[in-house]
Amino acid sequence: MEVTNPDAIGLSEDPSEAKIRLDRCIELLEGAYGPPKRRRSDPVDLLVQTILSQNTTSANTHRAFDSLKRAYPTYQALLSAPDEEVAELIRCGGLANIKTRRIKEALVMIRERQRDRMGAIEGEEKQKDRTGARGEEEREGRGEVGRAERIDLDFLRGADPVEARDFLVSLPGVGPKTAAVVLLFAFQMPLLPVDTHVNRLSRRLGFVPAGASIEEAERILETITPREKYCSFHVNLIRHGRAVCRARSPSCGACVLAEICPSADGAGQKD
Ligand code: SF4
């Protein structure tokens with residue numbers, strides 16, 4: 001969307017100026033960290049990982065996720081396992097009982113949505129072929145029959161991004177940031193997740209006004225960031241937030257973004 005009025009997206013400067021600085025920010029961060037590698041991620045894996053990552057470190061998230069994947073070859077198997085057993089496997093990441101409940105409830109809701117979708121597709125096919133026999137053969141050929149047994153989010157592929165986000169945030173423990181992470185990284189949908197690092201740095205860099213809510217920050221950043229750079233901006237801003245522009249002690253003197261940052265040397269006092 002082309003925006004010409006700064007007030008329309010809550011910026012204190014001309015959006016074209018903000019865009020120029022943001023483009024330069026992406027360029028400088030890619031120079032420092034490289035463009036993020038695109039990895040194919042299973043959407044349900046991503047969802048489970050983001051639930052596991054709540055209130056813990058990346059190292060613990062990976063340990064907990066690896067334990068789950070080793071213990072359960074499928075998400076159906078995880079669903080059938082006793083809660084205490086699952087919680088024990090992910091205890092290293094904290095909040096084990098809550099996360100177990102959230103993961104299982106999310107998987108049940110995904111499976112129900114899959115079954116609804118499969119039921120609707122089968123109903124349409126049977127309408128077309130009144131006997132139902134030929135339609136079933138054709139669906140088997142396309143691998144649709146029996147797919148409901150595998151828990152996946154393939155039904156979101158090609159969906160409207162807002163509807164897809166609405167479905168994901170209806171799952172327990174899934175907020176707008178998690179939904180945007182899954183939809184951006186697994187389906188390449190045009191959503192820009194704003195986590196704590198992206199939020200802090202975007203304010204210090206003056207891309208987002210200090211008083212903006214997370215939803216407003218998302219809207220502003222989605223407007224001024226080139227779509228093909230959502231992933232790069234998100235990933236590299238997080239890297240930079242962890243390594244240099246930390247919450248309490250930003251290292252402005254060693255920062256590659258100092259040339260475009262209005263908060264250089266004053267960020268520590270502003271938070
Ligand atoms: S110059 Fe300072 S406040 Fe600005 S991005 Fe770098 S570390 Fe953060």
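Is cysteine 261 buried or exposed, and what is its relative accessible area? Cysteine 261 comes out buried, at 18%, where buried means under 20% relative accessible area, exposed over 50% and partly exposed in between (1.4 Å probe, protein chains only). Cysteine 245 also counts as buried, at 12% relative accessibility. The model is a predicted one, so local features need pLDDT of at least 70 and side-chain atom pairs count only at pLDDT 80 or more, while totals for chains, interfaces and linings use all residues. Residues are numbered from 1 along each chain as its sequence is written, and side-chain values use heavy atoms, with hydrogens and water left out.

Both cysteines turn up again in the cavity search. Across the whole structure, one cavity of 30 Å³ or more is found; a cavity is a set of points on a 1 Å grid over the protein atoms alone where a 1.4 Å probe fits but cannot get out, and lining residues have an atom within 4 Å of a point. The largest cavity has a volume of about 120 Å³, taken as the space filled by probe spheres set on the points, with grid points joined across faces, edges and corners. Of its 15 lining residues, His240, Cys245, Cys252, Cys255 and Cys261 are the closest to the centre. The lining splits into twelve nonpolar, two polar and one charged (Ala, Val, Leu, Ile, Met, Phe, Trp, Tyr, Cys and Pro are nonpolar, Asp, Glu, Lys and Arg charged, the others, Gly among them, polar). As for disulfides (cysteine sulfur pairs within 2.5 Å), the whole structure has zero.

Aspartate 154 is partly exposed, at 28% relative accessible area.

Conventions
On a 1 Å grid over the protein atoms alone, a cavity is a set of points where a 1.4 Å probe fits but cannot get out, and a pocket is an open set with protein on both sides within 12 Å along at least five of seven lines; lining residues have an atom within 4 Å of a point.
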